[in-house]
Amino acid sequence: MTINETQDEIIEEFVELEDWMDRYQLLIDMGEEQEPLPDGEKTEQNLIDGCQSRVWIVCDRGADGRLTFRAESDALIVKGIVSLVIRVFSGHTPQEILDADLYFIPRIGLTEHLSPTRSNGLLAMIRQIRNYAKVSAALDRA
């Protein structure tokens, strides 16, 4: 599935829910479905700067060069938000990640329903995933 196909799927899931309390519940449910990170991966190196809550993102690079992300947060809604972000990016090449236009965030109304600190945290998560992709792309060129 392409990044855009995944974004379209997420948009469909959220558009079906008109009430934002239902959308928040969907985010919480998605976060609860995430596998927790082992304590050994909850390190300062994997901790995302700029998030109000504690968020850890781990990047695994497959033999084919595709990146897979795993994440966890200590806040339920943020855990759901990071699960959406890694769902969109996981399984793609560094270049696909770097070239991606993330349109699902405004289309599901997430930006307008997050506090400024959570919005900053969302941007920090995306920035960190793109940083992982930049490093991985540089390894491909080396």
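How many helices and strands does the protein chain have? The count is six helices and two strands.

1. **Ground rules.** This is a predicted model, in which local features need pLDDT of at least 70, side-chain atom pairs count only at pLDDT 80 or more, and totals for chains, interfaces and linings use all residues. Residues are numbered from 1 along each chain as its sequence is written, and side-chain values use heavy atoms, with hydrogens and water left out.

2. **Overall layout.** Along the sequence the pattern reads α-α-β-β-α-α-α-α. Helices (H or I, at least four residues) and strands (E, at least two) are DSSP runs, numbered from the N terminus. The C-alpha atoms fill a box of roughly 50 × 30 × 25 Å along the principal axes. Of the 142 residues, 46% count as buried. Buried means under 20% relative accessible area, exposed over 50%, and partly exposed in between (1.4 Å probe, protein chains only).

3. **The strands.** Strand 1 and strand 2 run antiparallel, joined by seven bridges. Two strands pair if DSSP finds at least two bridges between them. Asp 60 has Thr 68 of strand 2 as its bridge partner. Five residues lie between the strands of this hairpin, and Gly 65 there takes a positive phi near 90°. Strand 2 is largely enclosed by the rest of the structure, because five of its seven residues are buried.

4. **The core.** The largest nonpolar core has 42 residues. Such a core is a set of buried Ala, Val, Leu, Ile, Met, Phe, Trp, Tyr and Cys residues joined through side-chain atoms within 4.5 Å. Ile 57, Phe 69, Phe 89 and Phe 104 have the most contacts inside this core. Helix 3 gives the most to the core, with nine residues.

5. **Helix 1 against helix 3.** Their axes come within 8 Å and cross at roughly 145°. Axes are lines fitted to C-alpha atoms, for helices over the stretch in contact, and angles run from 0 to 180 degrees between N-to-C directions. Residues making the contact include Gln 7 and Ile 10 of helix 1, and Leu 84 and Val 88 of helix 3. Contact means heavy atoms within 4.5 Å.

6. **Phe 104 and Leu 102.** Beyond residues up to four places away in sequence, Phe 104 touches Gln 7, Ile 10, Ile 11, Leu 84 and Val 88. Leu 102 sits in the loop between helix 4 (94-99) and helix 5. Why does Leu 102 count as buried? Its relative accessibility is 16%. Leaving aside neighbours within four places in sequence, Leu 102 contacts Gln 7, Val 88, Phe 89, Ile 126 and Arg 130.
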